[in-house]
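My entries follow in the order in which I made them.

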Amino acid sequence: MATKGVILIGGPSKAPKPLLPIGGKPMIWHPLAALARIPELTEVFIVGFYEDALMTDFIRGAKREFPKLSISYLREYRSLGTAGGLYHFRDSLLPNLGMLFVLNADICSSFPLAELMDMHQKHRGVGTMMGVTVPKETATRYGCIVHDPASAQVLHYVEKPEKWISSLINGGVYLFDKSFFDEVKAAMDTKEKHAAEDPFGERDDILRLEQDVLVPLAAGRKLFVYESKDFWRQIKRAGSAVPASALYLNHFTKTNPKLLTAPSKEGGGPTIIAPVYIDPSAEVDPSAKIGPNVSLGANVVVAPGARVRDAIIMEGTTIDKHACVQNSIVGKHCKIGPWGRVDGAPEDPMDTKNNLNITILATEVTVAKETCIVLPNKTLNRSAHDQVLL
Amino acid sequence: MVAVLKETEEQFGINITFSVETEPLGTAGPLALARDILGKDDTPFFVLNSDVTCTYPFEQFRDFHVAHGCEGSIMVTKVAEPSAFGVVVTKPGSSIIDRFVEKPVEFVGNRINAGIYMFNPSVLDRIELRPTSIEKEIFPAVSADHQLHAYDLQGFWMDVGQPKDYLSGTCLYLSHLTATRSPLLTDPSQNKWVYGGNVMVDPTAEVDPTALIGPNVVIGPGAKIGPGVRLQRCVVMNNANVRDHAWIMSSIIGWNSTVGRWCRVENITVLGDDVSIKDELYVNGASVLPHKSVSIWPADLVCRTQGS
């Protein structure tokens, strides 16, 4: 019996792409690396409805990095919902299946899968989910879990309730037994039955993991929760990639410092304020100052006297002399001119409304000499030359 | 104030008497207060408002005043939109002032009071020691006696009482210095960091050679400009410190202030005395009171604590 892993990447939408670099690695790399750490796990399926071509290069590289894993991309041609998609690909997933990890790609977490597995093997439920505790004010934005702390059994599950019910919420990481597929089938039948009884109701083929499967699993006392105390956040909007990147970079300082660029030493190299990830092919002038919480992609050039902090700079971008980039995401092949400025606001920890003021420049944006962009919550999708964009 | 006046006395070899009003006496009352000094002999005296800038053609103005022999002379300047000012109307074919029209609705002329005057001491007999307006009370009386002449100021003139106008006036004054090839300006051929001209840097200021300064910049004594700094259309006052890679445009950096590294300061930002702007901040159109430290984003909102 084999343990397998699924990473759900969803499809084209406002949500950030699964390959957006976070902590110097594509977003989807983090759950994949976590799965690779499970000794008996050798098969990983990436499920989503992006075009195959988008994933090809990543999968090729990942196979090289994690040689023990077989990695395949299962493409949905239309949205079937998170549970519907899994059921659709049951012929690929089920053969010789023991346990199945299901990980959402759009979260930032240390993915404590071994701990999740330990707990799963101690109870007789169908599934174990990772729960995380969030501030009470923000809990209703997520799936909320009411559980029995002694047995870890989930007593009640409700997706985005109107009123606060619990601060323990669904972290988007699950481990299921093979019998999970029977539960999905049962949920499908229930849905069809409801549809048959209500001929005027809306019909769709979408089966959602949370509302359609977890709710009845909890009601049937077949679901357990592992409470993670480690860092966690959702990467729902592109802007959240910057704080998520900071979390991963900090995590790497403890777990994998080799991935990071060492803080600057006396005399030589640019000033680095850890944690910082700099791709080996990036060129950073010794007079530049980088960090904290910066990732510089392949072939990025940072010119003399430039300053980058709390930012994700994607491949091929040039940051010219004395320019300053902070609290921003700068897309591929952008040019920030001399004394240019790209500025967002730092995250306000007291803000419960989830306002992020990260400035995002898309691909091939040019910020002309001495111009300034302070554009919270706006994305520039077009090229712009020699103008102040406001 | 006293220290600055002392320094100025030494610099120019003149005596400066500081006559302090214990209560505000308007625009004419202070002349009555200084009657003993101004009226000690029969020589005429200049009266200047300090918040205007121009080419200051004092010698020609004095010659004009002495030539017409009347009690007073007012410098007048031509403006495009006279409706916002007090317009000076002279008698046809003469420099004698006929009347003053405050904020005219219909066009009566475009010459306005430039705030620079010359008087014979006899004018002091017309001024009582009480709050008095020179424009509203004294000038009409002098002109009624046909004793007031208007002198046409050539070149630029600007009221620099507001920060925006102060910067515009500074640009005009620097352009005038450039036009007259004044040695006060910093020579671009000797200093590679001067960009576009109209740059006046005090010899005691320290400018890093990798900075790029200009056009239209004044840097005061003892100021420090760090590596990679970019300054345009701004005034950096005495002993201010602009740190590495900062970018400043259309702003006034007050005495002893510090602008942090990689800061961007623009859009008529005014920093008072001893203000500190922390590294990497963006300060957009803020007025920061003296002795404040700005460390939070967005600085344009936080320090809109503009005082009087």
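I began at one residue pair: A:Arg307 stands opposite A:Cys324 in E22(A). I note here that this is a predicted model.

I then looked up how the two strands run. E20(A) and strand E22 (residues 324-330) of chain A are parallel, and six bridges join them.

Strand E17 (residues 289-290) of chain A is joined to E20(A) by two bridges, and they run parallel. In that pairing I find A:Ile290 opposite A:Val308 of E20(A). Strand E18 (residues 294-296) of chain A also pairs with E20(A) in the parallel sense, over three bridges. There, A:Leu296 has A:Ile313 in E20(A) as its bridge partner.

**An open sheet in chain A**

Next I looked up a five-stranded sheet in chain A. It is open, its pairing is parallel, and its order is E16-E19-E21-E23-E26. Which strands are at the edges? I find strand E16 (283-284) and strand E26 (366-367) of chain A there, each pairing on one side only.

Strand E19 (residues 301-302) and strand E21 (residues 318-319) of chain A are parallel and pair over two bridges. A:Val302 has A:Ile319 in E21(A) as its bridge partner.

**An open sheet in chain B**

In chain B I looked up a sheet of six strands. It is open and parallel, in the order E10-E13-E15-E17-E20-E23. Strand E10 (206-207) and strand E23 (293-294) of chain B each have a single partner strand, so each has one side without a neighbour in the sheet.

The partner of E10(B) that I checked is strand E13 (residues 224-225) of chain B; the two pair in the parallel sense over two bridges. B:Val207 has B:Ile225 in E13(B) as its bridge partner.

**Domains of chain B**

Last, I looked up the domain assignment of chain B, which gives domain 1 (15-158) and domain 2 (163-302). Their centres, taken over C-alpha atoms, are separated by 34 Å. How many residues does each domain bring to the contact? Domain 1 of chain B gives five residues and domain 2 of chain B gives six. On the side of domain 1 that touches domain 2, I find two nonpolar residues, three polar and no charged.

Definitions and conventions. Residues numbered from 1 in each chain as written. Chains lettered and ligands numbered in written order. Predicted model: local features only at pLDDT ≥ 70, side-chain atom pairs only at ≥ 80, totals over all residues. Pairing = 2+ DSSP bridges. Helix = DSSP H or I, 4+ residues; strand = E, 2+ residues; numbered from the N terminus. Domains from an automatic or database assignment. Contact = placed C-beta atoms within 7 Å. Nonpolar A, V, L, I, M, F, W, Y, C, P; charged D, E, K, R; others polar.
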